[in-house]
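Please read this briefing alongside the sequence and the 3D structure. It goes through a few local features, topic by topic.

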Amino acid sequence: YPYSSHRFLVTIDGFGDPNSFQAGFQEISGLNTEITIAEYRNGNDKANHVLKVAGIYKIGDITCKRGITIVNIRSLRMLMAYGFLHRIFEVFDRHKTPVDMVSTSEVSVSLTIDQAQMLGEIQAELSKIAEVSVTPGQAILCLVGEAIRDTPGASARVFGALARAGIPVKMISQGASRLNLS
């Protein structure tokens, strides 16, 4: 067998191909468990390259950043007030405090920071233009994988796992990335 680190050779049928193929696995566990195979190596092929199963995507990495503070900012003015975001980010800029993640609606903004040294000053300044609440001791969970945005059910799987673990979701951000969900 060409892959010394892969101890199992499994014959797999399907995936729209009338021919079955063989794939090598390092570990197999969970009897009576349904799995989805996203990548495989052809066990009969001496070439060392990964083959992808069409239409199946995988999450490459999950990272957790702890020690995060959530800042919730709600406009004191009604809808259609322009310049609100500009004023908020100007405050963080003046206090040289980077913002990690942002989630917005028309009259409110939630954002995260990991440097809370200037938080008192920031909160006092923002309180002149908005209602401000702060939640320290939070974490950002970030999933990185190909086409997360285009994969039906990817978000549901993540939020379902968090719900089963009893972890509340306080912010969601995907931005323009097809590769990231935080």
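The model is predicted.

- Strand E6 covers residues 101-104 and runs antiparallel to E7, with four bridges joining the two strands.
- Within this pairing, Ser103 has Ser110 of E7 as its bridge partner.
- Glu106 is found in the loop that lies between E6 and E7.
- Because its relative accessible area is 51% and the cut-off for exposed is over 50%, Glu106 counts as exposed.
- Glu106 and Leu85 are 21 residues apart in sequence, and their C-alpha atoms are 9.8 Å apart in space.

**Helix H1 and its two faces**

- Helix H1 runs over residues 84-94, and its buried residues are Phe84, Ile88, Val91 and Phe92.
- These residues cover an arc of only 95° around the axis, so they sit on the same side of H1.
- As a general rule, an α-helix has 3.6 residues a turn, so residues three or four places apart point the same way.
- His86 and Asp93 are exposed, and they are carried on the face of H1 that is turned away from its buried side.

**How H1 packs with H2**

- In general, two packed helices are described by the angle between their axes and the distance between the axes.
- For H1 and helix H2 (residues 119-126), the packing angle is about 150° and the axes are 10 Å apart.
- That angle makes H1 roughly antiparallel to H2, because angles over 145 degrees count as roughly antiparallel.
- The crossing in which H1 passes H2 is right-handed.

**The cysteines**

- A disulfide is a covalent bond between the sulfur atoms of two cysteines.
- The number of disulfides in this structure is zero.
- Cys64 has a relative accessibility of 43%, so this residue counts as partly exposed.
- Cys142 has a relative accessibility of 11% and therefore counts as buried, since buried means under 20%.

Terms used. Residues numbered from 1 in each chain as written. Predicted model: local features only at pLDDT ≥ 70, side-chain atom pairs only at ≥ 80, totals over all residues. Heavy atoms only, no water. Pairing = 2+ DSSP bridges. Disulfide = S-S within 2.5 Å. Buried < 20%, exposed > 50% of the residue type's maximum accessible area, 1.4 Å probe, protein only. Arc of directions from axis to C-beta. Axes fitted to C-alpha atoms, helices over the stretch in contact; angles between N-to-C directions. Parallel < 35°, antiparallel > 145°, perpendicular 65-115°, else oblique. Left-handed = near helix turned anticlockwise from the far one by under 90°.
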